[in-house]
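These are my notebook entries on one structure. I set down what I looked up, entry by entry.

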Amino acid sequence: MNPLQHSPIAINYDALAFVHLILNGFLFAICFCRLAKMHKGVLRRVKAQYVMLLAGSAANGFAPIFFSQWPSVVSVIFTALVLYVMWSDSYAWKHGVPHAALQNNPDAKVLPEVLDSHDPPVKETPNAH
Amino acid sequence: MNQNLDFSELLRLMIGLAVSQQLAGVLAPYALIFIASLLGAGTALGNTPMPVARLVALKFFLRATITSLLFTVPIATLVAKYSPSWEAQWFFAPVAAVLAFVTDKWGKIAAFVADVASGMIRNWANRASSKNSNESEKP
């Protein structure tokens, strides 16, 4: 039952679950728009990031219905923090996928990955800026 | 020993804490199917050759999710009838993910199957004709 029922603060857990659902809806929308901007040349781990966050935000928001698990105040605050992180990243995705998320980016070769496109990586020029 | 170790059984137990067992038994597989279809549809959306407009992506997403919500349970039940030891609930998540992933690519799959079938038929016809020609040349 309610773990805080003896505390002086009364928390409406239905309203909290609704706030949680709204926050996760924003997260879902952000992931959806970024996935729509992606194409074949994007790193697979970046795609996996947003696919997992998409499904995870849907499962998290509908958790009271799907799993009968109710969000606590702390988890709602953490969801709001994740949403802030995603929202503050949005400048990088304003005009499409950022260069750091592309497969022909030399910095992306730190981890091995199966490439979708077999184009050679872009050579870094010293006076690129 | 209870052999129901799949995720939908876990969901059914968890949902059954809040609502009735009958409702939980229906709701739990569909929660699992919904999450799996989101995974498949998101993967398909990220794998498009070019960026797509938001409205197009939304239509695609609705199509993928509704298709897998509607057709996963019948297909999984049909697949599970292959062997009496197979249970349908084990196929809910993979069938939902595959259905959502293949939403727009049924034509490609049909073309691939048709290519393989025509190749097999051509191969068989060539072999039959060469056998006939050999037989006609022998005497």
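**Entry 1: a residue in helix α4 of chain A**

I began with A:V73, which has its place in helix α4 of chain A; helices (H or I, at least four residues) and strands (E, at least two) are DSSP runs, numbered from the N terminus. The model is predicted: local features need pLDDT of at least 70, side-chain atom pairs count only at pLDDT 80 or more, and totals for chains, interfaces and linings use all residues. Residues are numbered from 1 along each chain as its sequence is written, chains are lettered from A and ligands numbered from 1 in the order in which they are written, and side-chain values use heavy atoms, with hydrogens and water left out.

I noted that A:V73 has a relative accessible area of 34% and is therefore partly exposed. The cut-offs are under 20% relative accessible area for buried and over 50% for exposed, with partly exposed in between (1.4 Å probe, protein chains only). Not counting residues up to four places away in sequence, A:V73 touches A:I11 and A:L16; contact means heavy atoms within 4.5 Å. I also looked up A:A101, which is 28 residues from A:V73 along the chain, and the C-alpha atoms of the two are separated by 34 Å.

**Entry 2: chain A as a whole**

I recorded four helices and zero strands in chain A, in the order α-α-α-α along the sequence. Of the 129 residues in chain A, 36% are buried. Among its contacts between residues at least 6 apart in sequence, 69% join residues at least 24 apart. Chain A exposes about 8,200 Å², and carbon and sulfur atoms supply 68% of this area; accessible areas come from the Shrake-Rupley method with a 1.4 Å probe, and for residues only the protein chains shown count as cover.

**Entry 3: helix α2 of chain A and what covers it**

I checked the length of helix α2 (residues 44-61) of chain A: its 18 residues should span 26 Å at 1.5 Å a residue, and its end C-alpha atoms are 25 Å apart, which agrees. The expected span is 1.5 Å times one less than the number of residues in the helix.

Which elements cover the buried residues of α2(A)? I found that the cover includes α1 (13-37), α3 (63-66) and α4 (73-88) of chain A, together with α2 (21-46) and α3 of chain B. Among the buried residues of this helix are A:V46, A:Y50, A:L54 and A:A59.

I then took A:A59 by itself. A:A59 is buried because its relative accessible area is 13%. Leaving aside neighbours within four places in sequence, A:A59 is in contact with A:F67 and B:I35. A:A59 and A:N24 are 35 residues apart in sequence and 8.9 Å apart in space, C-alpha to C-alpha.

**Entry 4: a loop residue of chain A**

Is A:S68 buried or exposed? With a relative accessible area of 13%, A:S68 is buried. A:S68 lies in the loop between α3 and α4 of chain A. Its contacts, not counting residues up to four places away in sequence, are A:A63, B:M14, B:I15, B:L17 and B:A18.

**Entry 5: chain B as a whole**

I counted five helices and zero strands for chain B. The radius of gyration of chain B is 23 Å, well over the 14 Å that the globule rule gives for 139 residues, so chain B is more spread out than a compact globule. This radius is taken over C-alpha atoms, and the globule rule is 2.2 Å times the number of residues to the power 0.38. The C-alpha trace of chain B spans about 85 × 50 × 20 Å along its principal axes. Buried residues make up 29% of chain B.

How many salt bridges does the structure hold over all chains? I found one; a salt bridge is a side-chain nitrogen of Lys or Arg within 4 Å of a carboxyl oxygen of Asp or Glu. B:R63 forms a salt bridge with B:D104, and the closest N and O atoms are 2.8 Å apart. B:R63 lies in helix α3 and B:D104 in the loop between α4 (92-101) and α5 (106-137) of chain B, so the pair ties together parts that are 41 residues apart in sequence.

Lastly, I looked up a nonpolar surface patch with about 1,000 Å² of accessible area together, whose members include B:L55, B:F71, B:Y82 and B:W86. Patches are made of residues with over 30% relative accessible area and no salt bridge; like charges are joined within 9 Å, and nonpolar side chains (Val, Leu, Ile, Met, Phe, Trp, Tyr) within 5 Å. B:L55 is found in helix α3 (residues 54-80) of chain B and counts as exposed, at 57% relative accessibility.
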